[in-house]
Amino acid sequence: MSESQWNQLNQNIITCTRCERLLTHCQKIASEKRKSFRDWDYWGRPVPNFGDSAAQLLIVGLAPAAHGANRTGRMFTGDRSGDWLYRALFKAGFASQPAAEHISDGLTLINCSITATCHCAPPANKPTREEIENCHPWLEQTVELLPIQVFLALGQIGWKAVLDFKKRQGKLTGKRPVFSHGAEFQFPDGHWLVGSYHPSQQNTFTGRLTEPMFDSVFELVKSKLKN
């Protein structure tokens, strides 16, 4: 795939207008802002994929955070979930630096890209089934462009999105694999799906997800890649 195809896909995601409720919410958050970010010019629209246009690892998250990616315009950038994710990616050799603060901070990903089940920040962080369906073509096009070997689903919704995609492809029959932290499943076409608890504040503050647990998932991912 060419860099221009990757850039065009991301531009198409940014200009998507399929979900009026989500666009209205993103713009409302961008207008009202959080007090601590009042000087920011919020992104306030669909957030594109981020990463290597030749990535073999595709991370599938849920959706942009209202004051994270919806503010900065880059996946998992500007919130505590991103702090956890990029620190782990850096340690595993998938990121050029351990922190992500803004879109021009120099961060690049190595053999890894990040997408979302839903590219707009949803109210209460809960997109509807219809909104997830509306966004599904972007996942399909992302997978078509990348030489993916491993999907890493952050959370159950990301896990389900990958399974739904594979089912539509005819690459998933029979009983669906169950999500859990560290779960792994290989599809008939050779692709691997690995599951991880989402690095949300709810999971990290309560100790449901610890740093060693998160790091171990990336070690598992690396063991599946055939570089």
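Here a residue counts as buried when its relative accessible area is under 20%, and as exposed when that area is over 50%; the model shown in these views is predicted.

**View 1. Helix α8 and its buried face.** In α8, the buried residues are Phe214, Val217, Phe218, Leu220, Val221 and Lys224. Seen down the axis of α8, these buried residues fall within an arc of 155 degrees, so they line one face of the helix. An α-helix has 3.6 residues a turn, so residues three or four places apart point the same way. On the other side of α8, Pro212 and Ser223 are exposed.

**View 2. The length and surroundings of α8.** Helix α8 holds 14 residues (residues 211–224), which at 1.5 Å a residue should span 20 Å, and this agrees with the 21 Å that separate its end C-alpha atoms. The elements against which the buried residues of α8 pack are the strands β2 (57–61), β4 (150–154), β5 (184–186) and β6 (192–196), together with the helix α4 (80–92).

**View 3. The largest pocket.** This pocket holds about 1,000 Å³ of space, and its lining is made by 42 residues, of which Leu62, Ser81, Asn125, His198 and Ser200 lie nearest its centre. Two or more lining residues come from each of α4, β3 (112–116), α6 (156–169) and α7 (201–206). By type, the lining of the largest pocket divides into 19 nonpolar, 18 polar and 5 charged residues.

**View 4. The second largest pocket.** The volume of this pocket is about 180 Å³, and among the 13 residues that line it, Asn10, Pro48, Asn49, Phe50 and Arg74 are the closest to its centre. The largest share of this lining, 5 residues, comes from α1.

How values were computed. Residues numbered from 1 in each chain as written. Predicted model: local features only at pLDDT ≥ 70, side-chain atom pairs only at ≥ 80, totals over all residues. Heavy atoms only, no water. Helix = DSSP H or I, 4+ residues; strand = E, 2+ residues; numbered from the N terminus. Expected span 1.5 Å × (residues − 1). Buried < 20%, exposed > 50% of the residue type's maximum accessible area, 1.4 Å probe, protein only. Arc of directions from axis to C-beta. Contact = heavy atoms within 4.5 Å. 1 Å grid on protein atoms, 1.4 Å probe; cavity = no way out; pocket = protein on both sides within 12 Å on 5 of 7 lines; lining within 4 Å. Points joined across faces, edges and corners; volume = space filled by probe spheres on them. Nonpolar A, V, L, I, M, F, W, Y, C, P; charged D, E, K, R; others polar.
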